[in-house]
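Subject: The structure, and what turned up in it

Hello,

Here is the structure I promised to pass on.

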Amino acid sequence: MRLRSVALFEQLGPGLVTGAADDDPSGIATYSQAGAQFGFGLLWTMILTYPLMTAVQLASAHIGRVTGCGLAKNMGDLLWRPLVTGLVVLLFVANTINIGADLAAMGSAAELATGGSAHLFTVAFAIASLLLQMFLPYRRYAGMLKWLTLTLLAYVALVFIVRVDWAAALRGMVVPEIAGETAVVTIVAVFGTTISPYLFFWQSAQEMEQVALDPKARPLTKAPSQARAAFSRMRLDTFFGMAVSNLVALAIMIGTAATLHAAGKVSIDTAADAAKALEPLAGKFAFVLFSLGIIGTGLLAVPVLAESAAYAIGETRGWKCGLDERPWEAVGFYSVIALATLLGIAIDWSPLDPIKALFWSAVVNGVVAVPIMVAMMVVVSRHSAMGKFTASRSLRFFGWTATAVMASAAAAMIFVQ
């Protein structure tokens, strides 16, 4: 049994890290707000989004593994280049704002746990993350990110600490409730947090990295004999990673619904607010778990946000990209990572309201996701790009369904404002 568990963990990689990075401090704040404000009423959103986000991420993984190139490179070959450049710039803006919000949440959580300065913790986390990305060899860095996903267990443990009305929780998972305009905004925020453009670029780039680093691996268009094993691993990795992402989101919503909503505390602005509010209701241990989870997921998500922007910009500009390259060998790529991280620090120190900034980054993500998803589904369905390894009928169905849902969510987000 132990050997099987080790073998399973070794097969997990890009999909697991992608799913875990989806539960970043900004996402934790969104899920906490959903649970605090609406109780168990919005749990169904996690059940709905699971097959949709899995299909989208699996499509992005297929593109990277089959072509040996990232999503941005494939989009550039398909779409008008100025359009792709514009989408990538918007991605960089949204990711930078998200980095700033995540770093601020990590600093606040560390301040609550230790009593130190939130701003200094923010700077320390940012610099540590940047140095690890620049100077740690890729294989060790990728392994570290994979082990960091274990911090998500803090939120699963939370559910077993608090008292939960499981009958009401199960009802919330299967019976959709949409009560008023505020619920619509929250649902859109949940969708935008769960299905985000930076995750598409990250997973396709990581599949590309694995091909580049494995001397036996080649793009499937050039080595079709590797397809069966590659697709089996990607399906396991992606289905498992997205399941982890959604189960953790469910745990956060259930935990905050059972405590904060039940106590009448329905307004949560940040993940750190949720941690602070939990302490008098669920005890010191629950508070510590929640705080550690914020820091751990932040350390995982911040590099994913920065690197996905770097891959997208670098591929569209034709730069040398890759975390296995040394900083002086891929100057443009690492410059984007550094710029995004340093601007994230600046956002934390600026008078800019991080909550409003995060909302507008969600708006940008929601709008940008739609054309990117359209382009991605066209690429993964086109023989000229994928050869004989075009997406299956079921993958195309769920992928296009996810695109339609995100288009509706983006329209709803604009309409309700």
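Predicted model: local features only at pLDDT ≥ 70, side-chain atom pairs only at ≥ 80, totals over all residues.

Residues are numbered from 1 along each chain as its sequence is written, and side-chain values use heavy atoms, with hydrogens and water left out.

Salt bridges

The structure holds three salt bridges (a side-chain nitrogen of Lys or Arg within 4 Å of a carboxyl oxygen of Asp or Glu). K73, D77 and R81 are linked in a network. D77 pairs with K73, their closest N and O atoms being 2.9 Å apart, and with R81 at 4.0 Å. Both D77 and K73 sit in helix α5 (residues 71-78), four residues apart, about one turn of the helix; helices here are DSSP runs (H or I, at least four residues), numbered from the N terminus. K73 is partly exposed, at 32% relative accessible area, and R81 is partly exposed at 45%. For these words, buried means under 20% relative accessible area, exposed over 50%, and partly exposed in between (1.4 Å probe, protein chains only).

E207 bridges to R233, with the closest N and O atoms 2.7 Å apart. E207 belongs to helix α12 (residues 197-213) and R233 to helix α13 (residues 227-261), so this pair ties together parts that are 26 residues apart in sequence. E207 is buried, at 0%, and R233 is buried, at 16%.

Helix α9

The buried residues of α9 are A154, Y155, L158 and V159. They cover an arc of only 150 degrees around the axis, which puts them on the same side of the helix; the arc is that of the directions from the helix axis to the C-beta atoms. On the other side, L153 and F160 are exposed, L153 at 53%.

W147, L150, L153, V156 and F160 make a nonpolar surface patch of about 560 Å² (areas by the Shrake-Rupley method with a 1.4 Å probe, where for residues only the protein chains shown count as cover). Patches are made of residues with over 30% relative accessible area and no salt bridge: nonpolar side chains (Val, Leu, Ile, Met, Phe, Trp, Tyr) are joined within 5 Å, like charges within 9 Å. The largest share, three residues, comes from α9 (residues 153-161).

Aromatic rings

Y311, F333 and Y334 form one aromatic cluster, and both F333 and Y334 are buried.

Best wishes

Conventions. Helix = DSSP H or I, 4+ residues; strand = E, 2+ residues; numbered from the N terminus. Phe/Tyr/Trp six-rings, centres within 6.5 Å; stacked < 30°, edge-to-face > 60°.
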